[in-house]
Amino acid sequence: KILILDFGSQTTQLIARRVREARVYCEIHPCTMPLSEVKAFEPKGIILSGGPASVYAEDAPTMDKGILELGVPVLGICYGMQIITHLQGGKVARGTKKEYGPANLDIKALAGPFRDLDGKEPHKVWMSHGDRIEEMPGGFEPLAVTENSPVAAMANHERHMYGVQFHPEVVHTPQGAVMLASFVLGECGCRPIWTMHNFAQATIDELKQRLDGKKVICALSGGVDSSVVALMLHKAIGKNLTSIFVDNGVLRAGEVSEVAGIFRETFGLNLVVVDAAKTFLGRLAGVTDPEEKRRIIGHTFIEVFEEEAAKIGQVDYLAQGTLYPDVIESVSFKGPSATIKSHHNVGGLPEKMRMELVEPLRELFKDEVREVGRELGMPESIVSRQPFPGPGLAIRIMGEVTPEKLASLREADAVVQEEMRNSGYYHKVWQSFAVLVPVKTVGVMGDERTYEDVVALRIVDSLDAMTADWTRVPHEILARISSRIINEVQGVNRVVLDISSKPPATIEWE
Ligand code: XMP
């Protein structure tokens with residue numbers, strides 16, 4: 001396995017994703033990881049991430065020098081390369097000019113991360129740094145140059161130590177994935193055995209052993225994470241797992257029957273569907289504040305779930321779809337960030353229920369979870385489902401949630417889903433949905449004046465929901481969605497398109 005030490009770069013997780021795509025297991029740890037822990041980890045190779053700081057800055061993140069003496073191959077990326085240089089007696093110059101954007105890499109030697117590349121053509125790479133290497137540490141030689149960087153990559157062949165000034169992990173470095181694969185497979189000698197087929201089998205076997213004779217419950221939401229968790233546990237312990245699906249009254253059209261159909265009928269899960277719509281909608285009546293809506297839905301969910309769990313009797317474990325990005329200990333150089341929205345998923349459950357947790361997806365990235373789902377034979381309608389927020393349609397109706405507004409939004413949402421799927425755009429975007437804006441505007445239908453609500457379309461591209469941009473969907477598709485909503489949905493006479501990016505807007509409207 002590979003150890004990635006994080007110096008605070010925005011793209012550290014991408015490094016891990018690329019390594020995993022090369023079918024090698026890796027973990028991200030803070031750069032402050034003590035030498036003893038690094039040794040205990042027994043990495044076959046170490047990758048040092050980039051970072052926002054300058055090695056000379058006060059409080060600049062650093063690492064135990066001894067890690068570089070372990071005799072394990074090391075690849076430093078950007079700041080990672082500068083820290084190697086800094087700690088080994090080379091010189092990093094404070095950049096007077098920042099280098100940001102594409103550059104052409106002229107490779108001098110096909111070694112280290114470049115061993116599998118074609119050295120004839122210059123390779124496009126993505127630069128993003130202020131400082132640069134002025135003097136390499138002893139034993140190093142330049143591996144590649146760019147117009148602005150005489151040391152765009154360096155190597156100490158004897159010690160299998162490499163540094164690159166650019167970012168191989170981002171898509172703007174087209175050969176970057178090959179470079180990282182070359183490093184972990186070629187230089188570090190890792191075997192490409194991290195596959196989701198192997199993972200699924202091994203994990204199900206482990207769960208079988210660990211949970212033998214135990215009772216487990218899980219909350220199934222129909223999203224990909226909880227679905228994969230439920231199915232894995234079902235394969236491991238069968239009827240000893242009870243899955244609870246709470247209908248909170250703010251789900252999309254047809255969702256309850258779809259999820260019940262797939263999990264109960266196709267997969268034979270022991271599934272309890274709780275119709276709690278009345279309770280949720282009752283408590284939401286008259287509530288207009290977004291945070292208040294989120295709070296009510298979160299609390300009510302826990303309450304309903306606990307009640308159902310109590311009916312089952314003795315339960316030993318609670319299974320959850322925690323993913324690797326939730327687990328990574330982050331290196332933060334900024335203060336705590338303000339609460340923009342209080343997210344509701346099943347986050348509040350474990351503390352309240354004081355149960356032991358099973359989190360079989362803790363090591364996985366989202367893409368890997370999807371692959372596991374496919375391995376287990378889960379239908380594509382679940383596996384590649386767009387994210388849907390815990391508070392559901394309640395935060396897509398501005399202001400009060402009423403049964404009438406819910407009905408309108410459900411219909412409008414169904415139209416968006418259907419047209420996005422039919423046009424093949426559903427899988428190309430991060431999310432596509434309708435928002436009900438209860439602002440009356442004037443329209444005309446036949447000879448009649450209408451005075452009805454607005455539906456906004458929110459269709460965005462994103463990699464991780466942290467940032468997003470509105471998708472340039474072809475006008476014909478938008479036209480079809482618009483005319484269908486206006487014709488089919490009662491109480492709506494106007495459709496508008498949301499063309500805001502995140503930031504400064506957010507993806508959801510509340
Ligand atoms: P925002 O609106 O903050 O959304 O840009 C970012 C992503 O998170 C989803 N979202 C939620 N997911 N519980 C969830 O599980 C929530 O309370 C919640 N609120 C927003 C949103 O759909 C988008 O993908």
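1. Start with helix α3, residues 79-87. Eight of its nine residues are buried, so the rest of the structure largely encloses this helix. A residue is buried if 20 or more other C-beta atoms lie within 10 Å of its own, exposed if 12 or fewer, and partly exposed in between; C-beta atoms are placed from the backbone. The buried residues are Tyr79, Gly80, Met81, Gln82, Ile83, Ile84, Thr85 and His86. They pack against β3, β4, β5 (91-93), β8 (132-135) and β11. Just after α3, Gly89 takes a positive phi of about 90°.

2. A word on the source. This is a predicted model: local features need pLDDT of at least 70, side-chain atom pairs count only at pLDDT 80 or more, and totals for chains, interfaces and linings use all residues. Residues are numbered from 1 along each chain as its sequence is written.

3. Now the whole chain. There are 15 helices and 20 strands. Helices (H or I, at least four residues) and strands (E, at least two) are DSSP runs, numbered from the N terminus. Of the 510 residues, 41% count as buried. The C-alpha atoms fill a box of roughly 80 × 65 × 40 Å, taken along the principal axes.

4. Look at contacts along the chain. Two residues are in contact if their C-beta atoms, placed from the backbone, lie within 7 Å. Among contacts with a separation of 6 or more, residues 24 or more positions apart account for 75%.

5. Next, the nine-stranded sheet. This open sheet runs in the order β2-β1-β3-β4-β11-β10-β9-β6-β7, with mixed pairing. β2 (26-30) and β7 (123-129) stand at the edges with a single partner strand each, so one side of each has no neighbour in the sheet. Neighbouring strands are turned by 25° against each other on average, direction ignored. Two strands pair if DSSP finds at least two bridges between them. Strands of a sheet pair through backbone hydrogen bonds, either parallel or antiparallel. β4 (residues 74-77) and β11 (residues 161-164) run parallel, joined by four bridges. Within this pair, Gly76 stands opposite Gly163.

6. Helix α1 (residues 12-21) packs on this sheet. It touches β1 (2-6), β2, β3 (45-48) and β4, and its direction makes about 160° with that of β2. Axes are lines fitted to C-alpha atoms, for helices over the stretch in contact, and angles run from 0 to 180 degrees between N-to-C directions. Nine of the 10 residues of α1 are buried. Among them are Leu14, Ile15, Ala16 and Val19, but also Arg17, Arg18 and Arg20. After α1 comes Arg23, with a positive phi near 70°.

7. β12 (residues 216-219) pairs with β13 in the parallel sense over four bridges. Val216 stands opposite Leu241 of β13. Asn240 sits in the loop between α6 (224-237) and β13 (241-247). It is partly exposed, with 19 other C-beta atoms within 10 Å. Leaving aside neighbours within four places in sequence, Asn240 contacts Lys214, Lys215 and Val216. The C-alpha atoms of Asn240 and Lys215 are 5.0 Å apart, although 25 residues separate them along the chain.

8. Most residues other than glycine have a negative phi, and most peptide bonds are trans. Asp59 has a positive phi of about 60° without being a glycine. Asp59 lies in the loop between β3 and β4. It is exposed, with 7 other C-beta atoms within 10 Å. Ala465 has a positive phi of about 70°. Ala465 is in the loop between β18 (448-461) and β19 (469-470). It counts as partly exposed, with 14 C-beta neighbours inside 10 Å. The peptide bond from Lys502 to Pro503 is cis, with omega near -20°. The bond from Pro503 to Pro504 is also cis, with omega near 5°. Pro503 lies in the segment after β20 (492-497).
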